[in-house]
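Please read them with the structure open.

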Amino acid sequence: MMHDFTYEALPVRVVFGQGKIQILPQEAERLGIKRALVLCTPQQVQWAEEVSSLLGDKCAGLFHEAAMHTPVDVTLRAVEYARSVQADGLISLGGGSTTGLGKAISLRTGLPQIAVPTTYAGSEMTGILGETENGIKTTQKKPEIQPEAVIYDVDLTMSLPAGLSGTSGLNAMAHAIEALYAQDRNPVTSLMALEAIAAFGRALPVIAKQPDDVAARSDALYGAWFCGICLGSAGMALHHKLCHVLGGAFDLPHAETHAVMLPHTTGYNMAAAADVMDKVASALNAPNAARGLWDLARSINAPRSLQELGMPEDGIDHATDLALRNPYWNPEPLTREGIHALIKAAWAGDLPLQA
Ligand SMILES: [Fe+2]
């Protein structure tokens with residue numbers, strides 16, 4: 001077998017386990033942080049206050065306005081606040097919104113970041129930052145955006161609701177699936193992707209029935225960590241482009257859209273990426289990759305169709321046009337008939353055509 005790849009890893013210290021939030025003060029100390037600014041969303045203030053008290057006099061303040069899509073005006077207010085309290089480091093407690101705010105502040109100030117994720121979003125393992133200003137989203141990728149340290153504490157994920165855990169998990173798995181067939185795939189990321197798919201395959205059905213199962217929660221967070229690395233290291237193709245098109249055109253919810261689409265986009269690429277798709281099938285103990293993801297989504301009661309997410313049936317043609325407008329690389333070439341059939345099946349909630 002011939003091998004040909006480029007592999008690059010960003011430096012980041014990862015601490016993983018139960019109760020690990022307790023060592024936050026030591027982790028702050030390692031980075032020389034003496035005046036930490038704790039970040040969170042308005043919904044997670046109580047947790048953030050607990051984290052602040054763990055830090056004692058090493059906490060300089062709390063900024064609780066993190067919001068979806070990382071609005072630049074919020075970031076600028078946070079930067080001003082960070083300066084006013086002379087913060088010398090950032091603790092981002094929460095999901096993608098809070099991690100995004102930490103990255104955006106760090107990019108403008110150079111402050112070191114410790115991310116403490118509470119969902120399976122995975123943004124904490126990437127140097128990617130998406131920001132919005134005047135309704136326009138821009139995305140950039142730079143090594144200095146990557147948080148210096150990440151604390152994965154399974155305790156902080158226990159209260160993630162069962163439904164959200166499932167869709168957030170499938171959303172994370174999409175990064176692993178696409179990393180496996182990415183043009184810039186590499187052996188290290190591929191190993192992590194398969195490990196993540198297997199971990200989520202085991203964990204999500206358990207969490208759906210028993211949200212307080214610590215071992216399953218630990219497995220899911222472990223999978224989320226690897227999926228985050230996949231997101232940061234490999235390019236994304238059909239699945240992500242389609243989800244962005246659909247989400248933008250019909251204002252569909254993010255994680256749910258990924259959950260509906262993943263079995264279908266996987267089916268579309270199954271023949272063209274047969275070698276890796278066979279490995280996905282065995283990681284999921286399924287007859288094929290698309291079927292495995294479909295069954296997994298059904299077993300956790302994830303949304304099944306674009307129709308139930310609010311997309312109108314007469315939007316299928318429009319979505320197909322949008323999906324084909326800007327050509328991009330994908331294992332299986334994009335055809336009008338193929339993409340139309342894919343979106344139609346996803347809209348109706350049918351089994352993926354190839355499954
Ligand atoms: Fe994504």
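1. In β5, Gln 113 is the bridge partner of Leu 90. The two strands concerned, β4 (residues 89-94) and β5 (residues 113-117), pair in the parallel sense over 5 bridges, where pairing requires that DSSP finds at least two bridges between two strands. Strands are DSSP runs of E with at least two residues and helices runs of H or I with at least four, numbered from the N terminus.

2. This is a predicted model, in which local features need pLDDT of at least 70 and side-chain atom pairs count only at pLDDT 80 or more, while totals for chains, interfaces and linings use all residues. Residues are numbered from 1 along each chain as its sequence is written.

3. The open sheet has 6 strands in the order β1-β8-β5-β4-β2-β3, with parallel pairing. Its edge strands, β1 (13-17) and β3 (59-63), each pair on one side only.

4. Helix α3 (residues 72-84) packs with helix α4 (residues 96-109) at an angle of about 60°, their axes lying 9 Å apart; axes are lines fitted to C-alpha atoms, for helices over the stretch in contact, and angles run from 0 to 180 degrees between N-to-C directions. α3 is therefore oblique to α4, given that angles under 35 degrees count as roughly parallel, over 145 as roughly antiparallel, 65 to 115 as roughly perpendicular and the rest as oblique.

5. Val 74, Thr 75, Ala 78, Val 79 and Ala 82 of α3 meet Leu 101, Ala 104, Ile 105, Arg 108 and Thr 109 of α4 in this contact, which is counted when C-beta atoms, placed from the backbone, lie within 7 Å.

Technical notes:
Two residues are in contact if their C-beta atoms, placed from the backbone, lie within 7 Å.
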